[in-house]
Amino acid sequence: MSGTGRPVRRWAGQGMRGVLSALAAVGLAFTNLPLLLISVVALALSPVPFLGLALTPWAMSLVRMRADLERRRASRTGVLVRRPYHPAPERALPGGWQRFRWTVTDPATWRDLAWLVPGALVGFGLGAAGVLVPLYGIAGLTLTPLWIWLGTGWYGYGVIWSVESVGAGLLCLPQGAAFLATGLSVAPWLRRVDAHFAHLFLAPTKNAELRLRITQLTVTRADTVDAQAAELRRIERDLHDGVQARLVSLSMVIGLADELLDRNPADARKLLVEARESSGAALVELRHLVRGIHPPVLAERGLAGAVRALAIGLPVDISVEVDLPGRPATPVESAAYFAVAETLTNLVRHSQARHGSVVMGYAGGALNIVVTDDGVGGADPAGGSGLRGIERRLAAFDGTVTLSSPPSGPTVITMELPCALSLPKTMPSSGTG
């Protein structure tokens, strides 16, 4: 029963979230027209000195807040809508000419305004459908017991017109259940349709995408330089505080043993034993340091074998499926391995999952990795779960990370790394950790 009940609860939870989101869409639709009116008035007053320069950016900022809210709502359905706006000018004073010019010359401003009316109509229509269908189903499930209890009244429901007997009333129950199930199933789909419609207006244009891409590459380059500097400092610190200190101590112990060799062979032998143990500890630390730079298992077995070896050592059952026609370049392979390792670490620590999966493939010139778990969900990149570190690691190779983690699960993390493959192999590999 538990295996069957969990998917049903998940379906019902997704349906209820879809209905609540549809209800929110209906309410938010009523805010679009006042925002449009405020914007039109602000633009009409823009020739007025001081007042127009201050009022227009303020009105457009309200429109952008509404558009950003819609972008976030769309992203929760899996439709990614990025912010397309030009970066704000430096030292732009509120109410000044620079801020006014920055607002009105941005094409995204006018696209936001163009979305307000059709976005309100589509959001209200689809939201109303997402709310009314399940409500009609609930009515069918509640009116009949009420009618039987009261023993009076008349109504029609579904295909039963009119309900004048207990038998006819009982026929409304399965119809109500069907309407309710249909409404819960359709509500998330209607929400995605609304999100795709918002994407037409609120997503960046090709020119805006190119501009955002240049900005992202600039930030990525700076992050990569900082990450490399931090990694070099970490290696230097580990060598200085760990291996180097042990080697210095080892040298001192061997020197003392050399001095005692003729006078006190027994003590010299003890020092040599201590030196041997110290050299073994130094070797272990050096191996750990090397694994942190580039795991030997990755060089020996490739990405598939390294991820499988990683999954075997975890307390959660992790299935691994890999279908790669070759191997990525070593830096890309290393970045993918550490990204998967960080993701699985987060899975074990935070998800409360009983099962997870790693699926890797190659399509469209990119390495695709999907990590899924059946845990509690609710992962948040801003919550210190390490997802930001994964994004920074993959961004150095023009990679992307997409997260889907509703509160009741499942959590799905999709990573994509553009790369070329070499060393082709003929057989796909799969396994379970």
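D194 lies in helix α6, helices here being DSSP runs of H or I of at least four residues and strands being runs of E of at least two, both numbered from the N terminus. The model is a predicted one, in which local features need pLDDT of at least 70 and side-chain atom pairs count only at pLDDT 80 or more, while totals for chains, interfaces and linings use all residues. Residues are numbered from 1 along each chain as its sequence is written, and side-chain values use heavy atoms, with hydrogens and water left out. With a relative accessible area of 5%, D194 is buried; the term buried applies under 20% relative accessible area, exposed over 50%, and partly exposed in between, for a 1.4 Å probe and protein chains only. When neighbours within four places in sequence are left aside, D194 is in contact with A25, E70, V122, G123 and L126, contact meaning heavy atoms within 4.5 Å.

Helix α6 spans residues 172-202 and has the highest confidence in the protein chain, at a mean pLDDT of 89. The pLDDT is the predictor's confidence in each residue, on a scale from 0 to 100. The lowest confidence falls in strand β10 (residues 429-432), where the mean is 48. Over residues 425-432 the pLDDT is below 50, and in the model this stretch has 20 contacts beyond near neighbours in sequence. The average pLDDT of the protein chain is 78, and 75% of the residues score at least 70.

The protein chain contains 11 helices and 10 strands. It has 433 residues, of which 36% count as buried. Among contacts between residues at least 6 apart in sequence, 69% join residues at least 24 apart.

Aromatic pairs number 4 in the structure. Rings of Phe, Tyr and Trp (its six-membered ring) are taken to pair if their centres lie within 6.5 Å; planes under 30 degrees apart count as stacked, over 60 as edge-to-face and the rest as tilted. The ring centres of Y136 and F179 are 4.9 Å apart and the ring planes stand at 80°, so this pair is edge-to-face. Y136 belongs to helix α4 (residues 107-150) and F179 to helix α6, and the pair links distant parts of the chain, 43 residues apart. Y136 is partly exposed at a relative accessible area of 32%, and F179 is partly exposed at 30%. A tilted aromatic pair is formed by F197 and F201, at 5.4 Å centre to centre and 50° between the planes. These residues, F197 and F201, are 4 residues apart in helix α6 and are therefore separated by about one helical turn. F201 has a relative accessible area of 23% and is partly exposed.

Further contacts of F179 were also computed. Not counting residues up to four places away in sequence, F179 touches V133, P134, Y136, G137 and Y157.

Helix α10 (residues 330-350) and helix α11 (residues 387-395) have axes that come within 10 Å and cross at roughly 170°. The axes are lines fitted to C-alpha atoms, for helices over the stretch in contact, and the angles run from 0 to 180 degrees between N-to-C directions. This crossing makes α10 roughly antiparallel to α11, given that angles under 35 degrees count as roughly parallel, over 145 as roughly antiparallel, 65 to 115 as roughly perpendicular and the rest as oblique. On α10 the contact is made by A335, F338, A339, E342, T343 and N346, and on α11 by L387, I390, R393 and L394. These residues divide into 6 nonpolar, 2 polar and 2 charged, where Ala, Val, Leu, Ile, Met, Phe, Trp, Tyr, Cys and Pro count as nonpolar, Asp, Glu, Lys and Arg as charged, and the others, Gly among them, as polar.

D323 lies in strand β3 (residues 317-323) and is partly exposed, with a relative accessible area of 46%. Its C-alpha atom is separated by 6.3 Å from that of M360, 37 residues apart along the chain. R72, in helix α2 (residues 51-76), counts as partly exposed at 46% relative accessibility. R72 and R82 are 10 residues apart in sequence, and their C-alpha atoms are 9.0 Å apart. V273 is located in helix α8 (residues 265-293) and counts as partly exposed at 34% relative accessibility. From C-alpha to C-alpha, V273 and V253 are 9.8 Å apart, at a sequence separation of 20 residues.
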